[in-house]
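Biologist: Please take a close look at one part of this model for me. I would like to hear about the aromatic rings, and then about the part of the chain around them.

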Amino acid sequence: MDRAGLFKNNSRGTDSRRNRQDMVSKLRKDKRNEQMQKRRQLLEEVENEVEQTNTANEPVDPVYINLVIQSSTDTNEILSAVQSCRKVLSREKNPPIDEVIDSGLLPNLVKFLSRDEQPALQFESCWALTNIASGNSKQTQAVVECGAVSHFIKLLSSPHLNVCEQAVWALGNVAGDGATYRDHVINSGIIPPLIKLVNPDVSMSFLRNISWTLSNLCRNKDPPPTMDTITSLLPTICRLLNFADKHVLSDACWALSYITDGSNDRIQVVIRSGIVGRLVELLGHNEVIVVTPSLRAIGNIVTGNDEQTQSVINHGALWHFDKLLWHKKNNIQKEAAWTLSNIMAGTPAQIQAVINAELLSYIIDVLARGDYKTQKEAVWAITNLTSGGDTKQIKKLFDLKGLPPLVNMLGVEDPKTVTVALDGCYNILNNGFKISEEEGNLVAIAFEECGGVDIIEKLQNHENERIYCRSAEIIDKFYKGDEDDTNEDLVQPTVQNGQFQFTAPSTSNGSINF
């Protein structure tokens with residue numbers, strides 16, 4: 001969806017609201033503080049095992065391991081060989097995933113998943129395949145094409161919890177590869193046995209794997225999961241939000257953020273679930289890994305229609321945003337400003353709710369002194385107020401000194417931000433006489449005093465057509481005739497009794513008018 005669509009002065013609602021760019025998915029994969037799409041199982045004891053294996057000169061060559069597996073009838077020897085494969089795949093650096101695939105080991109590893117009488121062999125094989133599926137798409141494809149997914153799903157009902165948990169992890173990696181394999185996992189029947197695993201008796205480590213895999217089933221937008229999938233998963237995701245563990249909470253919030261990052265009907269499903277209040281509550285959590293996705297989900301909800309936005313306001317979300325706008329993490333500041341910008345693209349009453357929560361001064365503050373990415377979002381917030389707010393609200397913005405930092409943003413390099421800031425300045429100037437009443441257009445004076453006119457004059461030479469046209473429009477409408485007025489105000493001489501007389505021009509009331 002196009003996040004860059006500008007507000008329109010003559011309309012309200014979704015035209016003013018901006019959805020997230022698809023590049024967010026890439027950022028989530030790259031940043032450690034965001035949710036990972038895939039995970040390779042790395043445990044300290046695994047690294048020790050690998051070190052001991054190498055010290056003992058045990059075979060770790062994938063081709064040799066495969067030969068042992070194919071030729072041996074000794075179950076212990078086969079288990080030892082698979083375990084060696086799993087250990088080398090658990091190395092922190094440069095695991096030989098391609099070498100294992102090229103050796104022909106995968107069909108045998110998949111075959112061992114069905115050995116119900118040998119749960120240790122199932123576990124080791126599942127672990128090895130989990131780490132292979134944690135690699136790139138081609139490596140995940142190799143696991144899928146060997147028929148592993150149906151075996152993983154059967155293992156979700158294994159009486160051996162370690163085997164069951166490993167299968168959950170493996171399926172999470174496959175689903176996290178993208179929409180195609182996510183849907184393959186869903187269509188293979190993962191949902192019923194997976195949600196059945198969420199119960200009070202399950203260990204916390206197991207529950208973390210379940211919540212992460214559930215979130216991957218909601219992930220990716222091209223195409224998004226079907227509505228049937230969402231409605232099947234949503235009750236369990238809502239249950240997970242009642243757990244205290246920060247990792248479970250984080251993954252459940254990420255799942256909701258993926259669901260709400262789409263059409264209004266998906267947002268509405270989440271609202272109807274009754275979970276918005278809990279999401280709002282989690283905005284005040286003390287862990288960044290919880291605040292980040294809960295804020296993302298709330299931000300996505302307010303990209304919807306006015307009624308959906310109001311549901312967030314009604315649950316008291318705005319009272320968390322003073323802290324969010326000055327959070328220690330710049331990314332949370334940016335997300336908070338983005339969320340508020342979309343709330344302020346709503347009705348005048350919703351704009352007033354932001355003002356009543358005393359957030360306007362915070363928005364102006366981050367516009368003036370915040371991180372550049374946060375400033376860009378604050379520009380949208382201010383401009384949306386000037387577009388949809390009434391004169392009283394725009395006057396409040398002016399009285400709080402919101403114009404100077406907005407003018408400063410006219411000097412940034414990003415044309416989109418300059419365009420939005422220009423529109424905001426135009427709207428404030430256009431309300432200047434209403435704000436100033438009998439005192440003249442003090443807004444026009446203030447705009448000039450903070451350097452706005454000088455910047456606008458330069459922007460008339462900008463290569464962006466919209467920027468130079470808007471700049472010219474501002475000059476023509478609000479400063480046209482300045483030069484003529486200046487000439488008229490010059491003292492003109494008259495001749496009386498053969499001498500030049502200089503008389504200053506008179507003014508009606510001493511006020512300045514534009």
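**Rings and their surroundings**

Modeller: Start with Y426: the charged end of R470 sits over its ring, 4.0 Å from the ring centre. To count, NZ of Lys or CZ of Arg must be within 6 Å of the ring centre and within 35 degrees of the ring normal. This is a predicted model, so local features need pLDDT of at least 70 and side-chain atom pairs pLDDT 80 or more, while totals for chains, interfaces and linings use all residues. Residues are numbered from 1 along each chain as its sequence is written, and side-chain values use heavy atoms, leaving out hydrogens and water.

Now the ring pairs. The structure holds four aromatic pairs. In F123 and W127, the ring centres are 5.4 Å apart and the planes meet at 65 degrees, so this pair is edge-to-face. Rings of Phe, Tyr and Trp (its six-membered ring) pair if their centres lie within 6.5 Å; planes under 30 degrees apart are stacked, over 60 edge-to-face, and the rest tilted. F123 and W127 share helix α7 (residues 119–133) and stand four residues apart, about one turn of the helix. Helices are DSSP runs (H or I, at least four residues), numbered from the N terminus. An α-helix has 3.6 residues a turn, so residues three or four places apart point the same way. Both F123 and W127 are buried, which means under 20% relative accessible area with a 1.4 Å probe, counting protein chains only.

W254 and Y258 make another pair: their ring centres lie 6.1 Å apart with planes at 20 degrees, so they are stacked. They too are four residues apart, in helix α15 (residues 246–260).

In α8 (residues 137–145), Q139, T140, A142, V143 and V144 are buried. Their cover includes α7, along with α5 (97–102), α6 (106–112), α9 (148–155), α10 (161–175) and α11 (179–187). N136 caps the N-terminal end of α8, with a side-chain oxygen 3.1 Å from the backbone nitrogen of K138. Just after α8, G147 takes a positive phi of about 80 degrees.

Step back to the chain. It has 32 helices and two strands; a strand is a DSSP run of E, at least two residues long. Of its 514 residues, 53% are buried.

Key: Buried means under 20% relative accessible area, exposed over 50%, partly exposed in between (1.4 Å probe, protein chains only). Contact means heavy atoms within 4.5 Å. A polar contact is a pair of N or O atoms within 3.5 Å; within protein, one must be able to donate a hydrogen and the other to accept it, and residues adjacent in sequence count only if both atoms are side-chain atoms.
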